[in-house]
Amino acid sequence: MLEILNLQIDFASAGRRLRAVDGVSFSIAAGETFCLVGESGCGKSATALSIARLLPEPPAHYAGGHILLDGVDVLRASQRRLRDIRGGVAGYVFQEPGASLNPVFRAGAQIKEMLQLHRPAAATDAEVARLLRSVGIPAPESLLNHYPHQLSGGMQQRVLIAMALAAQPKLLIADEPTTALDVTIQAQILDLLKDLRQRLGMSLLLITHNLGIVGDIAGRVAVMYAGQIVEMAPARALLRRPLHPYTQALIASVPKLGAPEGRLRSIPGNVPALDAMPGGCRFHPRCPAAQADCRVNKPELLQVEPTRWVRCPYWASPSLSS
């Protein structure tokens with residue numbers, strides 16, 4: 001369904017180009033759920049937006065690589081072809097639903113606009129109501145004339161999901177879809193996404209910073225750090241035995257139910273700025289197991305098992321595997 005090969009994305013800043021996505025490669029099969037995980041600033045959203053070439057050019061510049069979406073090379077597609085791809089092949093659900101919906105248009109009208117663009121024969125109130133009902137909104141006819149501010153955060157997110165489904169995409173890209181929602185609504189939205197993927201047979205790319213939600217929804221996971229994939233594996237294998245020190249630190253920072261009281265684990269420091277990338281391994285300034293050569297040598301993404309890749313030459317050392 002989707003194959004990204006050696007994707008490189010630069011952003012123009014103060015007369016120079018800064019690399020935000022550096023050599024990212026992964027694929028998603030038809031009907032598969034794939035998760036991209038990492039802290040804010042790791043390049044997850046830039047990668048996701050590039051799939052339908054939604055990053056504004058400039059300041060963004062696609063410096064290299066290929067994005068093959070349903071057989072089309074997106075980076076070389078015409079604007080007319082891209083209009084068909086956006087929504088029709090790849091649908092997006094963004095974080096902060098209150099900011100994604102247009103506040104001056106009614107919810108029903110915003111969904112109907114998607115239908116008019118991609119399925120004009122189906123642009124009816126009945127189809128809008130059916131879409132709203134499919135995402136778990138009861139009595140949807142009563143919500144067609146509501147403005148976004150009249151809806152709760154969970155309802156707003158369901159409207160966004162209905163908009164994304166209106167054009168019947170083959171790939172649904174959900175970028176931090178639960179960030180602004182409380183825990184109960186988060187669980188409902190994740191269950192909804194999982195149910196829709198199974199019911200409609202589409203692929204799902206979930207962007208998140210929370211490894212705690214990955215095990216129940218994803219088939220495979222890629223962990224990003226500073227614009228690069230540092231580990232990629234089946235979800236359960238990665239959660240059971242993380243190999244990269246960054247993945248281990250992310251998992252250790254997830255609060256454990258029933259754990260003894262004390263300070264929560266955290267990762268010291270911050271993701272480096274684009275204009276201040278460290279030499280060698282990009283994680284070494286924050287890595288508790290860094291070696292002397294980690295400051296100099298740039299690690300490659302190594303295939304260490306048939307379905308596992310890790311960007312660390314010391315992944316099997318006792319200090320990391322213990």
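## A buried pair to begin with

Arg-308 is buried, with a relative accessible area of 2%. Its salt-bridge partner is Glu-231, with N and O 2.8 Å apart. Glu-231 is buried as well, at a relative accessible area of 0%. Since Arg-308 belongs to strand 12 (residues 308-310) and Glu-231 to strand 10 (residues 228-234), the pair ties together parts that are 77 residues apart in sequence. Please keep in mind that this is a predicted model.

## Other salt bridges

Side chains of opposite charge can pair when their charged atoms come close. Across the whole structure, a search finds 15 salt bridges. One of them joins Glu-39 to Arg-286, whose closest N and O atoms are 3.0 Å apart.

Another salt bridge brings together Glu-141 and Arg-133, at 2.8 Å from N to O. Here Glu-141 counts as partly exposed, at 48% relative accessibility, and Arg-133 also counts as partly exposed, at 43%.

## Helix 6 and its two neighbours

Two packed helices are described by the angle between their axes and the distance between the axes. Let's start with helix 4 (residues 107-118) and helix 6 (residues 153-166): their axes come within 8 Å and cross at roughly 20 degrees. The two helices are therefore roughly parallel to each other, and their crossing is right-handed. On the helix 4 side, Ala-107, Gln-110, Ile-111, Met-114 and Leu-115 take part, meeting Val-159, Ala-162, Met-163 and Ala-166 of helix 6. These contact residues comprise eight nonpolar, one polar and no charged.

Helix 6 also packs with helix 7 (residues 183-200), at an angle of about 20 degrees and with the axes 10 Å apart. Helix 6 and helix 7 are therefore roughly parallel too, with a right-handed crossing.

## A mostly covered helix

How many of the eight residues of helix 9 (residues 245-252) are buried? Six of them are, so helix 9 is mostly covered. The buried residues are Pro-245, Tyr-246, Thr-247, Gln-248, Leu-250 and Ile-251.

Conventions:
Residues numbered from 1 in each chain as written. Predicted model: local features only at pLDDT ≥ 70, side-chain atom pairs only at ≥ 80, totals over all residues. Heavy atoms only, no water. Axes fitted to C-alpha atoms, helices over the stretch in contact; angles between N-to-C directions. Helix = DSSP H or I, 4+ residues; strand = E, 2+ residues; numbered from the N terminus. Parallel < 35°, antiparallel > 145°, perpendicular 65-115°, else oblique. Left-handed = near helix turned anticlockwise from the far one by under 90°. Contact = heavy atoms within 4.5 Å. Nonpolar A, V, L, I, M, F, W, Y, C, P; charged D, E, K, R; others polar. Buried < 20%, exposed > 50% of the residue type's maximum accessible area, 1.4 Å probe, protein only. Salt bridge = Lys/Arg side-chain N within 4 Å of Asp/Glu carboxyl O.
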